[in-house]
Amino acid sequence: MADLVFPELPSIGPLLARGVAGSIGAGRGARPVPGRAAIVASHRQDIARLSAYARVCGFTLRDHVPPTWLHVLTFPLQAALMAERDFPYALAGLVHASNSMMLHRPVSVGEELALVVRAGNARPHRKGALFDLLGEVRGRGGETVWTGTSSYLALGGKVAGASAPAEAEPAASEVALPAISQQWRLPADLGRQYAAVSGDVNPIHLNALTARVFGFKRPIIHGMWTHARVIAALEPRLPDAYTVDVEFKRPILLPGKAGFATDGSSFAVTNRDGKPYLTGSITPA
Amino acid sequence: MPQSPGASLRNAVIVGGNRTPFVKSGGAYAAASNQDMLTAAIDGLVARFGLAGQKVDEVVAGAVLKHTRDFNLTRESVLGSALDPHTPAVDLQQACGTGLEAVIYAANKIRLGQATTAIAGGVDSASDAPIVVKEGLRRALLKASYARKPLDRVKAFTAVRPADLAPVPPAVVEPRTGLSMGESQAQTTAKWGITRQAQDELALASHRNLARAWDSGFFDDLVTPYLKVAKDKILRPETTIEALGKLRPVFGGQDGTMTAGNSTALTDGAAVVLLAEESYAREHHWPVLARVVDAQVAASDYVTGNEDLLLAGARAIPELLERNGLGLDDFTYIEIHEAFASTVLATLAALEQNGTGTVDRAKLNVHGSSLAAGHPFAATGGRIVATLAKMLAEKGAGSKGLISICAAGGMAVTAILEAV
């Protein structure tokens with residue numbers, strides 16, 4: 001199975017369109033996740049784009065880039081893998097369930113990077129199938145500087161060769177967090193703003209009309225915006241290398257408000273009733 | 001006559017500095033805000049001196065071109081930095097004197113015992129400058145925001161005329177004379193008979209001196225790369241007197257002598273300096289580069305045309321020298337900010353005319369100054385203080401340096417540093 005090698009990051013819009021179109025009527029579900037990789041061997045980071053990303057997510061524009069920016073760089077490769085004809089799960093209707101990334105060392109905006117993404121780890125879930133997109137970013141010397149795991153839930157999806165019952169959901173780790181210390185106001189056009197800087201033009205984020213087609217009464221913000229906003233809030237206190245794990249609990253409708261609470265290592269983004277939109281934790285590496 | 005600073009005061013010393021490389025506005029830092037650059041400069045200093053998570057007693061900085069959202073620019077930058085969030089901060093603004101005035105503020109607090117450690121500096125972006133709406137639209141917007149009824153809100157805009165909708169870009173124009181700084185300086189240049197040749201020679205020396213300092217590694221522990229830039233980008237190491245001589249005048253009309261080569265370019269960048277009480281610095285094995293000896297601010301009567309906008313340094317320096325019992329010959333290095341080459345040359349002429357003395361040109365701006373480095377207004381003071389303190393430390397204890405920085409509003413900020 002040949003890897004997908006791109007000279008530069010592919011544009012996501014056509015990939016999403018192809019992925020959605022390709023999913024219609026395709027016999028889905030029991031095929032294995034293809035093991036090919038999607039690769040950009042050398043990527044020069046764009047300061048203007050990083051700056052726009054930093055503005056939308058609340059980061060200071062530094063010489064060192066946020067780890068969520070490195071996720072954004074790998075996202076087109078995720079889309080490319082999922083848009084392939086033999087990918088077993090329909091792109092429309094995938095739910096980003098959780099995300100984990102490790103920053104191995106500070107990464108400068110001046111560094112040329114190699115980006116690699118693979119799919120794998122398909123496993124049953126009580127609502128369908130879970131699978132991971134595993135990203136890796138390497139520095140000029142070939143050393144790994146960032147690794148990421150995006151876990152997606154294919155609602156109603158099946159896992160090839162799996163007959164065992166879906167594993168029970170792990171008990172939610174209950175961390176008692178202090179009261180919210182920040183309130184974020186998410187404007188109605190935030191999904192379009194984030195789409196412009198991340199390239200993720202999934203229609204559920206763009207406007208009410210397109211969101212309604214997919215069952216949302218209003219557009220929802222990208223989970224990775226909320227994740228990035230958390231990292232921006234914690235940014236000054238973060239160590240040089242760390243792992244950050246998040247779970248996306250429920251979508252944030254736009255426009256909206258969200259509260260942010262943290263004890264320094266665990267954090268939550270919550271609604272007015274204190275129910276979490278997102279929970280997670282940071283672990284120094 | 002004020003007393004010479006007494007022995008009861010503590011010593012405030014310059015420990016080190018950090019700045020971004022300086023770049024032309026609209027260039028490599030076009031996407032960066034003042035807060036981005038100031039945070040980057042502070043974090044570079046934090047990294048250099050192991051201050052992550054540590055409380056500094058106060059951070060003082062400012063910017064000349066400032067957005068209203070930046071009302072707490074320095075505190076916001078501290079909160080975005082790796083410093084302990086218990087570090088308080090203050091914004092200070094005195095046009096191009098901001099950076100040096102910030103150092104003086106910090107040094108005074110340390111000398112009085114109100115602080116033991118401090119960071120001082122400044123930042124400016126002419127790329128990300130605020131655009132202001134015209135007065136008619138501004139009044140309408142304010143009126144509308146106070147209106148209780150929707151109809152009143154609409155009515156508020158009936159007074160707005162189409163011309164009010166055009167934005168007002170920022171301009172460095174003196175409110176009372178209506179003259180830009182360059183136009184004002186062109187009058188000074190003509191009045192003092194400063195020749196084109198002399199200006200171009202000073203500009204050439206600035207580029208050569210700064211280039212030599214970069215080549216020798218002098219700035220390796222004073223500058224941290226930012227956004228793919230590792231070195232000052234305005235610097236032209238290869239420029240020649242012939243190349244400078246070919247440039248057209250930009251101020252003073254067709255017969256003017258001031259060009260883009262002997263005037264500073266609009267620049268983006270940030271610079272900060274770490275100060276500490278001397279014994280504290282020594283206990284922490286920090287470098288003790290130079291102490292802040294004294295400072296003096298002065299202003300000129302430029303509005304009537306009696307005096308020159310940018311020559312207040314020639315008023316401040318004699319006061320400063322007299323109070324400290326010093327003459328120009330007592331200084332190893334003299335730093336006169338190069339707003340324009342002719343500002344420096346006219347200041348030297350004015351110091352001679354008023355009997356202060358003659359500046360030995362071999363001591364002047366030895367590692368280059370703003371013509372070659374660029375001049376992000378509020379960042380220039382921090383650049384000069386860190387550079388001079390390091391030069392004095394290399395020269396040895398007792399060597400003294402004098403700084404003079406001219407500022408809008410006909411002001412100048414001056415200070416004396418001495419290696420300890």
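This is a predicted model: local features need pLDDT of at least 70, side-chain atom pairs count only at pLDDT 80 or more; totals for chains, interfaces and linings use all residues.

Residues are numbered from 1 along each chain as its sequence is written, chains are lettered from A and ligands numbered from 1 in the order in which they are written, and side-chain values use heavy atoms, leaving out hydrogens and water.

**Exercise 1. Trace the sheet of chain A and find its edge strands.**

Step 1. Helices (H or I, at least four residues) and strands (E, at least two) are DSSP runs, numbered from the N terminus. Two strands pair if DSSP finds at least two bridges between them.

Step 2. Follow the order 1-2-4-5-6-3-8-11-10-9-7: these 11 strands of chain A form an open sheet with mixed pairing. Its edge strands, each pairing on one side only, are strand 1 (4–6) and strand 7 (182–186) of chain A.

Step 3. Now look at some neighbours. Strand 2 (residues 37–44) of chain A runs antiparallel to strand 4 (residues 112–125) of chain A, with 6 bridges joining them; here Arg44(A) is opposite Glu112(A).

Step 4. Strand 4 of chain A also pairs with strand 5 (residues 128–138) of chain A, antiparallel and over 10 bridges. The two make a hairpin with 2 residues between them, and Arg118(A) has Leu134(A) as its bridge partner.

Step 5. Further along, 4 bridges link strand 9 (residues 256–262) and strand 10 (residues 266–270) of chain A in the antiparallel sense, with Ala261(A) partnered by Ala268(A).

**Exercise 2. Which strands does helix 3 of chain A lie across?**

Step 1. Contact means heavy atoms within 4.5 Å. Axes are lines fitted to C-alpha atoms, for helices over the stretch in contact, and angles run from 0 to 180 degrees between N-to-C directions.

Step 2. Helix 3 (residues 67–82) of chain A lies across strand 1, strand 2, strand 3 (94–103), strand 4, strand 5, strand 6 (144–155) and strand 8 (242–248) of chain A. With strand 4 of chain A, helix 3 of chain A makes an angle of about 65°.

**Exercise 3. Is helix 1 of chain B largely enclosed or open?**

Step 1. Check its length. The expected span is 1.5 Å times one less than the number of residues; for the 15 residues of helix 1 (residues 34–48) of chain B this gives 21 Å, which agrees with end C-alpha atoms 21 Å apart.

Step 2. Count the buried residues (under 20% relative accessible area, 1.4 Å probe, protein chains only; exposed is over 50%, partly exposed in between). Because 12 of the 15 are buried, helix 1 of chain B is largely enclosed by the rest of the structure. Among them are Met37(B), Leu38(B) and Ile42(B).

Step 3. Find the packing partners. The buried residues pack against helix 2 (47–57) of chain A, and also against elements of chain B including strand 1 (12–19) and helix 2 (73–80).

Step 4. See what follows: Gly50(B) comes after helix 1 of chain B and has a positive phi, near 60°.

**Exercise 4. How many residues does each chain bring to the contact?**

Step 1. Chain A gives 12 residues and chain B gives 15.

Step 2. The buried area, meaning accessible area (1.4 Å probe) that two parts lose on being put together, summed over both, is about 1200 Å² between chain A and chain B, with 52% from carbon and sulfur atoms.

Step 3. Ile47(A), Leu61(A) and Pro236(A) supply 37% of the area that chain A buries against chain B, more than any other three residues.
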